[in-house]
Amino acid sequence: MDDSSDARAEGPRLDRLVERHRQFLEERFPFWGRSQANALARQVDDGSLTIRPWTARDERAIGVAWVQTADGGLRVHGLWTEPTGPGPVTELLADLPRERAGTVQVVTDVLPGFDAEAQEDHFAGLGYWHRAKVLMRRSPDAARIAPPRSPRIRPIAPTDLLAVTRVYAAAYADRPGEFWAWAVPSAAQEAERDLRRHLGPTGGWSDSFLADASQVWDDAGTVRGAVLLVRGGRGHPWIDDLIVEPAFHRQGIGRALLEAAIARVTSQGPETLDLAAIRFGAPYRLYRRLEFEEVPPPECRLDGHWVRGPTPF
Ligand SMILES: CC(C)(COP(=O)(O)OP(=O)(O)OC[C@H]1O[C@@H](n2cnc3c(N)ncnc32)[C@H](O)[C@@H]1OP(=O)(O)O)[C@@H](O)C(=O)NCCC(=O)NCCS
């Protein structure tokens, strides 16, 4: 298939699909949909993602995928078909790897028009596994947590942001695609852009950032870890991220930072805390230990990625 002639022929329809994809992300994922959509657009601008138009052989269906070449395969960051549903999606996906030797590694986002159960069956049948991203909540009834005594924990300052960026990029570096927005060559810049949204126009914190609760692990002047909290869409504090530099993992730093944040947030009384996590691995285990529980659907609508490749569990 010749991408360029398709793109010309379908230009306005493709633009509309891309716009609908943006709206979908913003509506469906109120916590990070907008930044995800913006990052997609930036990545198209800087050439690290291509929009791959596709037209079904019967000419009734059309789709777009945001595609990146990665590790000998393709990574699909967003997908939208018209009409929505299993048929066009299957065809679009089946069409992608044919043009290269590699496989499609990641398909991001829940697919519009596709309920979660149908997706599960559909993608399992195509050989994908689901890296589920779940909403987790710590109830106000959970146990009180005393603030850790470590002198290395202190509230974050705006001047820490660059150091935190470095920890961010390092913390996710060994898992390209884990945090899809950074699956780009310029991970550090992408991380910095992402973190800068916590700053207000005059260099202080933005209104939604919970600076008192957000903490860093300061090792003799060098930041090695951080926990960042914002006021979430449901009004509860939202743990936006918890990161520790890889060389310092398994030393209790992540847990101490999280405990410090919980202690701070609950210091005036019981409080609900929310976060989004991948349903496996170190962070998930840590959250469970500190009494975060998965929030069931329909409220939990963070669905994660479909991946074709080896599973990490
Ligand atoms: C999650 C993260 C912050 C944990 O930091 P850490 O300082 O290594 O965590 P701790 O040493 O305090 O360990 C706390 C608990 O996490 C779990 N854990 C941490 N590393 C683990 C690993 N490699 N394997 C299994 N469990 C692990 C354990 O339950 C551990 O408790 P335990 O040591 O009593 O068994 C760190 O792994 C990280 O930065 N990961 C990348 C970024 C990320 O995914 N952040 C979460 C976003 S939702």
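**Note on the ligand shell and the sheet**

1. Helix 8 contributes the most to the shell around the ligand, namely five residues. Helices (H or I, at least four residues) and strands (E, at least two) are DSSP runs, numbered from the N terminus. This is a predicted model, in which local features need pLDDT of at least 70, side-chain atom pairs count only at pLDDT 80 or more, and totals for chains, interfaces and linings use all residues. Residues are numbered from 1 along each chain as its sequence is written.

2. There are 19 residues around the ligand, of which His 249, Gly 254, Arg 255, Ala 282 and Leu 286 come nearest; a residue is near if its C-beta atom, placed from the backbone, lies within 6 Å. Helix 5, strand 10, helix 7 and helix 8 (281-289) each give two or more residues to this shell.

3. Seven strands form an open sheet with mixed pairing, in the order 7-8-9-10-11-6-12; two strands pair if DSSP finds at least two bridges between them. Strand 7 (153-155) and strand 12 (292-294) are at the edges with a single partner strand each, so one side of each has no neighbour in the sheet.

4. Strand 6 (residues 133-138) and strand 11 (residues 273-278) run antiparallel and are joined by six bridges. Within this pair, Met 136 has Leu 275 of strand 11 as its bridge partner.

5. Helix 7 (residues 253-265) lies across strands 6, 7, 8, 9, 10 and 11, at about 35° to strand 9. Axes are lines fitted to C-alpha atoms, for helices over the stretch in contact, and angles run from 0 to 180 degrees between N-to-C directions; contact requires C-beta atoms, placed from the backbone, within 7 Å.

Note on methods
Contact = placed C-beta atoms within 7 Å.
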